[in-house]
Amino acid sequence: MNNATTIIGSAASAAQKMVRDTTFSPRFYTTDFDAMNKICIEPVRSAWNAMMADYERDHNREFFQRDASFADEVLEHDKKMSPELKQEMLDFLITTLTSELSGCILYNEIKRKVSNPDIKQLMGYMARDEARHASFINASLKDYGLGINIGEIKRKKHYTYFKPKYIFYATYLSEKIGYARYIKIFRQLEAFPERRFHPIFRWFQQWCDDEFRHGESMALILRANPELLRGHNLLWIRFFLIAVYATMYVRDHMRPALKQAMGLHPTEYDFAVFRITNQIIKQCLPILPDLDNPAFKRNLDRLSYCAQRADRGAASGGLLGKFAKCFWSVAGAAVFVRMYCLPMQSNQLPEVTLLQPAW
Ligand SMILES: [Fe+2]
Ligand SMILES: [Fe+2]
């Protein structure tokens, strides 16, 4: 597991893990706010207005509150957790908190800096949801004495610049894959409640409904600006598809104990998530990864292997460790290029964009 490099045992080590940027860790972003102002959503106006009304109703207003048994459940499971599972659970909470914060900060920043009223309104709602998600996870870290000072992370973490269209592709895909990940876990633990080793998973269904809605908003933006879905932009869509799918695969294979404790196998779980995501993204992407191409899985496994070897190199330190990290990172990049060149399935976009979270 990648935590060989960092044992999370204190609030400082948790914060350090959040601040550090690695190839597969979530990042913080900034964008071009003037270009954001030029985004037009008129072609999807009626669906957009209905969605804004739905955000306004705020179904999950009271949802992210811990119930009376939450703390007892944490304590009870904590006694039974193996050290490996506990480290992976902490790593999971920290990575998820980083992703939620990444969204929250970016959406807030866009809301503050754009004058486009549609984008401003949407970003306000999305930031509201992500702030709730982030503080819910942070409360769980506090149970272990690892509460994060969010202001400090905001100040210390590096911000990566992304053009608005990259923000739309990346946000769309990560919200949708996030939905698929959470609903798959929720369904598994609904079927096998004895495997639920942390109460936070009880919140996942309504939680991922928020993420689903965020993804729907991005789908509307993309469909309203069809130039973002053709020509050379298809190369960018291809890039983000491979990057998002591969990142999840590599990360999950670095935390096998977490999935095993849920009764899931990382590879099967990831492919189930890919299949759900592929079904959803048919709503707006003209190309899809071909999950049945054996080369797709083969390269994911190679990439995962390279990432683990690079990680081990970094952990061992010294000149030799540095060399190993470099070597395996370059090898991983070559696998990524190979994955990028695999043929994709083409997809005819449907008349109606919006979907229900029905998985
Ligand atoms: Fe979220
Ligand atoms: Fe989200």
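In helix H12, the buried residues are Tyr269, Asp270, Val273, Phe274, Thr277, Asn278, Ile280 and Ile281. Keep in mind as you look around that this is a predicted model. What sits over those buried residues? The cover includes H8, H10, helix H11 (256-261) and strand S3 (287-289).

## Threonine 267, a residue on H12

Now pick out threonine 267, which also belongs to helix H12. Is threonine 267 buried, exposed or partly exposed? A residue needs 20 or more other C-beta atoms within 10 Å to be called buried, and 12 or fewer to be called exposed. Threonine 267 has 17 C-beta neighbours inside 10 Å, so it counts as partly exposed.

In general, nonpolar side chains tend to be buried together in soluble globular proteins. Here, the largest nonpolar core has 53 residues, and the ones with the most contacts inside it are Phe168, Leu222, Tyr245 and Ala246. Six helices each supply at least two of the core's residues: H8 (164-191), H9 (204-224), H10 (233-254), H12 (266-281), H13 (294-316) and H14 (318-340). Which helix gives the largest share? That's H8, with 13 residues. Domain 1 and domain 2 both give residues to this core, so it lies between them.

Leaving out residues up to four places away in sequence, leucine 222 touches Phe168, Tyr172, Leu228, Leu229 and Cys284. There's also a second, separate core of 29 residues, which includes Ile8, Cys104, Met126 and Ala127.

The protein chain splits into domain 1 (9-58 + 72-289) and domain 2 (291-347). Their C-alpha centres lie 23 Å apart. Domain 1 puts 19 residues into the contact, and domain 2 puts in 14.

Which elements give two or more residues to the side of domain 1 that touches domain 2? They are H10, H12 and S3. H10 gives the most to that side, with eight residues. Sorted by type, the residues on this side of domain 1 are 14 nonpolar, two polar and three charged.

## Aspartate 58, out in a loop

Aspartate 58 sits in the loop between helix H3 (45-57) and helix H4 (70-80). Its phi is near 55°, a positive value in a residue other than glycine.

## Stepping back to the whole chain

Zoom out and you'll find 14 helices and four strands in the protein chain. Its C-alpha atoms fill a box of roughly 55 × 50 × 40 Å along the principal axes. A compact globule with 359 residues would have a radius of gyration near 21 Å; this chain has 20 Å, which agrees.

How many of the 359 residues count as buried? The share is 37%. And if you take the contacts with a separation of 6 or more, 81% of them are between residues 24 or more positions apart.

How values were computed
Residues numbered from 1 in each chain as written. Chains lettered and ligands numbered in written order. Predicted model: local features only at pLDDT ≥ 70, side-chain atom pairs only at ≥ 80, totals over all residues. Core = buried A, V, L, I, M, F, W, Y, C linked by C-beta atoms within 7 Å. Domains from an automatic or database assignment. Contact = placed C-beta atoms within 7 Å. Nonpolar A, V, L, I, M, F, W, Y, C, P; charged D, E, K, R; others polar. Rg over C-alpha atoms; globule rule 2.2 N^0.38 Å.
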